[in-house]
Amino acid sequence: MGVIETGKLKPAGVAKAPKVADARPIPGLPLGTILGGDCVEAMRTLPDNSVDLVFADPPYNLQLGGDLNRPDGSQVDAVTDHWDQFDSFRAYDEFTRAWLAEAHRVLKPDGSLWVIGSYHNIFRVGAAVQDMGFWILNDIIWRKTNPMPNFKGTRFTNAHETLIWASMGEKSRYHFNYRAMKTLNDELQMRSDWVMPICSGSERLKEDGKKAHPTQKPESLLYRVLLATTEAGDVVLDPFFGTGTTGAVAKRLGRQWVGCEREEFYQNIAYKRIEKELPLDESALKTMQSRKSAPRVAFGTLVETGQIAPGTKVFDKKRRWVAIVRADGSLDCNGQTGSIHSLGKDLQGAPSCNGWTFWHYEKGGEVVQIDAARQLHLLASED
């Protein structure tokens with residue numbers, strides 16, 4: 001089951017050659033469009049077998065009773081919207097099965113499904129995913145570095161959410177950029193527990209001084225999902241589009257997207273957001289098809305959080321070599337590729353290289369080591 005890289009076993013879901021996206025347009029597939037109205041009805045307008053990946057952030061059915069207040073009496077801006085309210089668990093289950101059935105229909109045979117949720121809904125959704133014929137490949141734990149406290153002190157702080165990654169069936173092929181994920185994680189195999197902050201700061205969209213959406217997901221989360229399981233040109237469908245995080249990251253990474261969102265308020269915000277997004281240069285989108293060092297922060301973390309953007313030029317102190325940062329955190333120096341450590345080692349013909357201090361880049365008119373960005377990230381994570 002799934003992807004087990006060992007001995008003579010050929011991973012069931014890994015293609016023999018890198019996947020090449022079909023550039024031909026699919027009739028009836030409204031790329032770059034947010035479909036309004038009920039998501040199930042909107043998905044029914046899409047052609048069969050037309051989508052490479054579905055990323056779903058459905059209502060969590062939080063069942064909140066009354067307002068949530070901080071110890072100082074101020075109100076927490078939590079999810080109290082009508083779209084998260086269902087009359088019963090049965091009603092929520094019926095809704096879940098309906099949109100999952102459409103997701104299964106529109107996905108290509110080698111496509112895959114991602115669903116994110118909390119303890120309120122993810123177990124019910126997971127059962128429905130299996131009942132629908134999907135095959136669960138991983139459950140990913142997103143551990144939040146800055147979760148909201150449990151203000152009442154009656155439970156543990158809820159510091160994580162769960163993502164389900166599933167293929168179309170037990171025997172179905174699926175796409176997984178294993179080496180790109182390993183490179184993103186400084187040449188260590190990517191684990192199923194992802195440590196990332198919640199959406200905050202300048203990334204948090206606001207309208208009239210308030211959160212535009214109560215459950216906006218961080219772009220780094222979608223960056224990793226799309227980089228891991230799609231290729232440039234692939235079509236990504238988000239049935240619960242919200243303020244367009246999936247669309248913005250898809251555009252940046254050269255993927256096509258379609259969204260479903262019934263709230264016109266969110267639609268307008270999403271369109272404006274995606275319009276401002278710039279796709280990465282083709283050379284920066286190439287990812288590693290390959291190697292071990294483990295600092296506290298992976299270089300890929302700085303890339304997926306935008307602290308050192310793909311396409312950035314990095315160079316050694318004497319500027320003998322100039323390399324381009326690619327989407328998975330690998331570097332390309334005139335066609336020679338590798339991680340920050342292995343490429344620096346190979347270029348110098350040295351037995352080893354500390355890429356953090358070897359590579360530099362320009363920031364604000366000054367030349368700094370890429371390690372400076374790592375230290376800033378560490379400081380921010382401690383806040």
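**Salt bridges, sheet and helices in a predicted model**

A search of the whole structure finds 18 salt bridges. A salt bridge here is a side-chain nitrogen of Lys or Arg within 4 Å of a carboxyl oxygen of Asp or Glu. The model is predicted: local features need pLDDT of at least 70, side-chain atom pairs count only at pLDDT 80 or more, and totals for chains, interfaces and linings use all residues. Residues are numbered from 1 along each chain as its sequence is written, and side-chain values use heavy atoms, with hydrogens and water left out.

The protein has twelve helices and 16 strands. Helices (H or I, at least four residues) and strands (E, at least two) are DSSP runs, numbered from the N terminus. Buried residues make up 50% of the 383 residues. Buried means under 20% relative accessible area, exposed means over 50%, and partly exposed lies in between (1.4 Å probe, protein chains only). The accessible surface comes to about 19,000 Å². Carbon and sulfur atoms account for 49% of that surface. Accessible areas come from the Shrake-Rupley method with a 1.4 Å probe; for residues, only the protein chains shown count as cover.

The side chains of aspartate 57 and lysine 217 meet in one of them, at 2.9 Å from N to O. Aspartate 57 sits in the loop between β2 (51-56) and α2, and lysine 217 in the loop between β8 (210-211) and α5 (219-229). The two residues are 160 residues apart. Aspartate 57 counts as buried at 15% relative accessibility. Lysine 217 is also buried, at 5%.

A second bridge joins arginine 252 to glutamate 219, with the closest N and O atoms 2.4 Å apart. Arginine 252 belongs to helix α6 (residues 245-252) and glutamate 219 to helix α5, 33 residues apart. Both partners are buried.

Arginine 319 lies in the loop between β11 (313-315) and β12 (322-325), and glutamate 362 in strand β15 (residues 360-363), so the pair ties together parts that are 43 residues apart in sequence. Arginine 319 is partly exposed, with a relative accessible area of 43%. Glutamate 362 is exposed at 51%. Elsewhere, salt bridges that share partners join Glu41, Arg44, Asp48, Glu102 and Arg105 into one network.

Eight strands form an open sheet with mixed pairing, in the order β1-β10-β9-β2-β3-β5-β4-β6. Two strands pair if DSSP finds at least two bridges between them. The edge strands, β1 (33-35) and β6 (193-196), each pair on one side only. The twist averages 20° from one strand to the next. Axes are lines fitted to C-alpha atoms, for helices over the stretch in contact, and angles run from 0 to 180 degrees between N-to-C directions. Within the sheet, β4 and β5 are antiparallel and share eight bridges. Asparagine 138 has tryptophan 165, in β5, as its bridge partner.

Helix α3 packs on this sheet and touches β3, β4 and β5. The direction of α3 makes about 165° with that of β3. Contact means heavy atoms within 4.5 Å. Helix α6 lies across β2, β9 (235-238) and β10 (256-260), running at about 175° to β10.

The buried residues of α3 (residues 122-131) are Ile122, Val125, Gly126, Ala128 and Val129. Seen down the axis of α3, they fall within an arc of 165°, so they line one face of the helix. The arc is that of the directions from the helix axis to the C-beta atoms. On the other side of α3, Phe123 and Asp131 are exposed. The cover over the buried residues of α3 includes α2 (89-106), β3 (107-117), β4 (135-144) and β5 (160-167). Just after α3, glycine 133 takes a positive phi of about 105°.

Helix α5 has eleven of its eleven residues buried, so it is largely enclosed by the rest of the structure. Among them are Glu219, Tyr223 and Arg224.

Asparagine 49 has a phi of about 50°. Asparagine 49 is placed in the loop between α1 (39-43) and β2, and is partly exposed at 43% relative accessibility. Aspartate 186 has a phi near 55°. Aspartate 186 is found in the loop between α4 (178-184) and β6, and is buried with a relative accessible area of 4%.
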